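Colleague: I want to learn how to read a model like this one. Can we go feature by feature?

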Amino acid sequence: MTDPSSAAPRCLYCERTADEVALIPVHYRDADYFICASHLPILIHRPEQLADYLPGAEGFGPSAEH
Ligand SMILES: [Zn+2]
């Protein structure tokens, strides 16, 4: 996925580590990701912008229709 030297958790979006920002764990499809507090709103409000990082994220939007 990423190069082996970057084993420390990083924001999936900006790749900053927990040394620089607060990271929030994201469990998705049997994998663990992290996202920083600055980019958490993207995960909530604009998940389609994360589709390059989380395949299928474009479908995270609110389930408007039921
Ligand atoms: Zn970030």
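Modeller: Start with Ile-35. Ile-35 counts as buried because 26 C-beta neighbours lie inside 10 Å. The cut-offs are these: a residue is buried if 20 or more other C-beta atoms lie within 10 Å of its own, exposed if 12 or fewer, and partly exposed in between, with C-beta atoms placed from the backbone.

Colleague: What kind of model is this, and how are residues numbered?

Modeller: This is a predicted model, where local features need pLDDT of at least 70, side-chain atom pairs count only at pLDDT 80 or more, and totals for chains, interfaces and linings use all residues. Residues are numbered from 1 along each chain as its sequence is written.

Colleague: How do the strands pair? In which direction do E1 and E2 run?

Modeller: Two strands pair if DSSP finds at least two bridges between them. E1 and E2 run antiparallel, joined by six bridges. Take Pro-25: its bridge partner in E2 is Phe-34. Likewise, Tyr-28 stands opposite Ala-31 in E2.

Colleague: Now the turn. How many residues lie between the strands of the hairpin?

Modeller: Two residues lie between the strands of the E1 and E2 hairpin. Arg-29 sits in that loop, between strand E1 (23-28) and E2. Asp-30 is in the loop between E1 and E2 as well.

Colleague: Why does Arg-29 count as exposed? And why does Asp-30?

Modeller: Count neighbours again. Arg-29 is exposed because it has 8 other C-beta atoms within 10 Å. Asp-30 is exposed because it has 5 C-beta neighbours inside 10 Å.

Colleague: Next, contacts. What does Ile-35 touch?

Modeller: Two residues are in contact if their C-beta atoms, placed from the backbone, lie within 7 Å. Set aside neighbours within four places in sequence. Ile-35 then contacts Cys-11, Leu-12, Tyr-13, Leu-23, Ile-24, Val-26, Leu-40 and Leu-43. C-alpha distances give another view. Ile-35 and Pro-9 are 26 residues apart in sequence, and their C-alpha atoms are 9.1 Å apart.

Colleague: How do I find the core? Which residues make up the largest one?

Modeller: In soluble globular proteins, nonpolar side chains tend to be buried together. A nonpolar core is a set of buried Ala, Val, Leu, Ile, Met, Phe, Trp, Tyr and Cys residues joined through C-beta atoms within 7 Å. The largest one here has 10 residues: Cys-11, Leu-12, Tyr-13, Leu-23, Tyr-33, Phe-34, Ile-35, Cys-36, Leu-43 and Leu-50. Strand E2 (residues 31-36) gives the most to this core, with four residues. Leu-43 touches Ile-35 and Leu-50, not counting residues up to four places away.

Colleague: Where does Tyr-13 lie?

Modeller: Tyr-13 lies in the segment before E1. Tyr-13 counts as buried because it has 20 C-beta neighbours inside 10 Å. Beyond four places in sequence, Tyr-13 touches Ile-35, His-39, Ile-42, Leu-50 and Tyr-53. Its C-alpha atom is 9.8 Å from that of Leu-54, 41 residues away along the chain.

Colleague: And Ala-22: why is that residue partly exposed?

Modeller: Ala-22 is partly exposed because it has 13 other C-beta atoms within 10 Å. Ala-22 is also found in the segment before E1. Cys-36 and Ala-37 are its contacts, not counting residues up to four places away in sequence.

Colleague: Last, the helix. Is Ile-44 buried or exposed?

Modeller: Ile-44 is in helix H1 (residues 40-45). Ile-44 counts as exposed because it has 12 C-beta neighbours inside 10 Å. Over the chain of 66 residues, buried residues make up 18%.
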